[in-house]
Amino acid sequence: LQVMAEAERMACLDLPVLVSGETGAGKEGVARALHSRGGRRAGPFVAVNAGAFSADLIESELFGHEAGAFTGATNRRRGAIEQASGGTLFLDEIGEMSLDLQSRLLRVLDDGEVRRLGGQRAMTCDFRLVCATNRKLERLVATGQFREDLYFRINVLSLQVPPLRERPEDILALAAAFLSDAHAQLGPRHLSREAQAALLAHHWSGNVR
């Protein structure tokens, strides 16, 4: 509730937000809350996991490409940045992004323009940027693995999502919500006192996920 209250206050500010926290703690949920409560709620919410693609694919995923830009590019494709215009672009695991791609992203943020791979024309894109990471970006900056100028560009506002073990009062509420979601498949279920105690005693290394 404290994190969501902070998100509520930040939602009306059309500024970049960096959401930090362990894997599975709920960073994308916070990003979606920032979008749905902000001035761009009527626009698209476009999410890209920078750690889920190879170096070649993530570039096309973000910037798009023209037909014939590379082998296999048979059709024109709008990238996530272009798709997010008027709404929110959520870049998950931004700490996994290569330095070359960081440089290209910084240029987009500075100029407000994006050029598809193989394209000649730059297009204006107006979006709110929300990034997430489970890594310590300050350490990556110190070791030269993350651009300092990009770090300051994306870290205008920051939110820290605590791991589930640091908010045990959420565990039973989450369990109740998941049981409710499974009602159609499992029928009515409740947690015994023993089950509740077991849940509360668990470490939850995967967090909410």
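A residue counts as buried when its relative accessible area is under 20%, as exposed when that area is over 50%, and as partly exposed in between, computed with a 1.4 Å probe on protein chains only. The structure is a predicted model, in which local features need pLDDT of at least 70 and side-chain atom pairs count only at pLDDT 80 or more, while totals for chains, interfaces and linings use all residues. Residues are numbered from 1 along each chain as its sequence is written, and side-chain values use heavy atoms, with hydrogens and water left out.

**The whole chain**

Display the whole protein chain first. Its secondary structure comes to 10 helices and nine strands; helices (H or I, at least four residues) and strands (E, at least two) are DSSP runs, numbered from the N terminus. The C-alpha atoms fill a box of roughly 65 × 40 × 35 Å, taken along the principal axes. Of the 209 residues, 41% count as buried.

**T133**

Select T133, which is found in strand 8 (residues 128-133). T133 counts as buried because its relative accessibility is 1%. The side chain of T133 reaches the backbone nitrogen of R135 at 3.0 Å. Leaving aside residues up to four places away in sequence, T133 touches L18, V19, S20, G21, K27, E93, I94 and G95, where contact means heavy atoms within 4.5 Å.

**Helix 1**

Select helix 1 (residues 2-11), whose buried residues are V3, A7, M10 and A11. Seen down the helix axis, these buried residues fall within an arc of 100 degrees, so they line one face of helix 1; the arc is that of the directions from the helix axis to the C-beta atoms. On the other side of helix 1, Q2 and R9 are exposed. The buried residues of helix 1 pack against strand 1 (17-20), helix 2 (27-36), strand 8 and strand 9 (157-160).

**The nonpolar cores**

A nonpolar core is a set of buried Ala, Val, Leu, Ile, Met, Phe, Trp, Tyr and Cys residues joined through side-chain atoms within 4.5 Å. The largest has 32 residues, and L62, I81, L91 and I154 have the most contacts inside it. Helix 5 gives the most to this core, with five residues. Select L62: not counting residues up to four places away in sequence, L62 touches V48, G79, A80, I81, L91, M97 and L101. Apart from this core lies another, of 16 residues, among them A25, F45, F90 and A132.

**The aromatic rings**

Rings of Phe, Tyr and Trp (its six-membered ring) pair if their centres lie within 6.5 Å; planes under 30 degrees apart count as stacked, over 60 as edge-to-face and the rest as tilted. By this rule there are two aromatic pairs. Select F45 and F90: their ring centres are 6.0 Å apart and their planes lie at 25 degrees, so the pair is stacked. F45 lies in strand 2 and F90 in strand 5, so the pair ties together parts that are 45 residues apart in sequence. F45 counts as buried at 18% relative accessibility, and F90 is buried with a relative accessible area of 1%.

Next, select Y151 and F152, whose ring centres are 5.5 Å apart with planes at 55 degrees, so the pair is tilted. Y151 counts as buried at 10% relative accessibility, whereas F152 counts as exposed at 53%.

Finally, select R104 and F63. The charged end of R104 sits over the ring of F63, 3.9 Å from its centre; a charge sits over a ring if NZ of Lys or CZ of Arg is within 6 Å of the ring centre and within 35 degrees of the ring normal.

Conventions:
Polar contact = N/O pair within 3.5 Å; in protein donor to acceptor, adjacent residues only side chain to side chain.
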